[in-house]
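Please look over the sequence and the model first.

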Amino acid sequence: ANQNGQGVNKTEAPLSRQELLERFETENKLRPDVVAKLMDLPDEVLRTVTGVKGSARTPPLRIDTPRDPNTVVLERIAKAEKTMVWPPGPEIKEAIAKRAHGEEFAKSVREFVK
């Protein structure tokens, strides 16, 4: 409750990419090499690795485990990268072709998003 005795029911604005990276780094005392890997991730993968994907509010960013947070983050990145589909498989190539976009276009969009 706030000072007026009313409940505070305000929705947090989503963090910017930079704010997310900074808070996640600080909360988990991440090494520079791990932060560099996080910076290279596309936004969607970064949100998955940090645990904020699909969340209306920003959850606690601290990795709550006795394990080394750097190891946990590197494992999350490796797992996320395995699920990223590039180069595209046949079904994705077919979907790209149906929309009259070439693979080069799709690749350039992916690079731009990074």
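N28 is part of helix α1, helices being DSSP runs of H or I with at least four residues, numbered from the N terminus. N28 has a relative accessible area of 4% and is buried, a term that stands for under 20% relative accessible area, whereas exposed stands for over 50% (1.4 Å probe, protein chains only). Leaving aside residues up to four places away in sequence, N28 touches L61, R62, I63 and P69, where contact means heavy atoms within 4.5 Å.

The model is a predicted one, in which local features need pLDDT of at least 70 and side-chain atom pairs count only at pLDDT 80 or more, while totals for chains, interfaces and linings use all residues. Residues are numbered from 1 along each chain as its sequence is written, and side-chain values use heavy atoms, with hydrogens and water left out.

In helix α2 we find P32, which at 68% relative accessibility counts as exposed. P32 and N70 are separated by 38 residues in sequence, and their C-alpha atoms are 9.9 Å apart in space.

Two helix pairs can be set side by side, with axes that are lines fitted to C-alpha atoms over the stretch in contact and angles that run from 0 to 180 degrees between N-to-C directions.

| Helix pair | Axes | Angle |
|---|---|---|
| α2 (residues 32–39) and α4 (residues 69–83) | within 10 Å | roughly 25° |
| α3 and α4 | 9 Å apart | about 135° |

Helices α2 and α4 are therefore roughly parallel to each other, the word for angles under 35 degrees. V34, K37 and L38 of α2 meet N70, V73, L74 and I77 of α4. The residues of this contact of α2 with α4 comprise five nonpolar, one polar and one charged; Ala, Val, Leu, Ile, Met, Phe, Trp, Tyr, Cys and Pro count as nonpolar, Asp, Glu, Lys and Arg as charged, and the others, Gly among them, as polar.

Helices α3 and α4 are therefore oblique to each other, the class left after under 35 degrees, over 145 and 65 to 115 are set aside. On the α3 side the contact is made by V45, V49 and T50, and on the α4 side by V73, R76, I77 and A80.

Which residues of helix α3 (residues 43–50) are buried? They are V45, L46, V49 and T50. Seen down the axis of α3, these buried residues fall within an arc of 125°, so they line one face of the helix, the arc being that of the directions from the helix axis to the C-beta atoms. Their cover includes α1 (17–28), α2 and α4.

Terms used:
Helix = DSSP H or I, 4+ residues; strand = E, 2+ residues; numbered from the N terminus.
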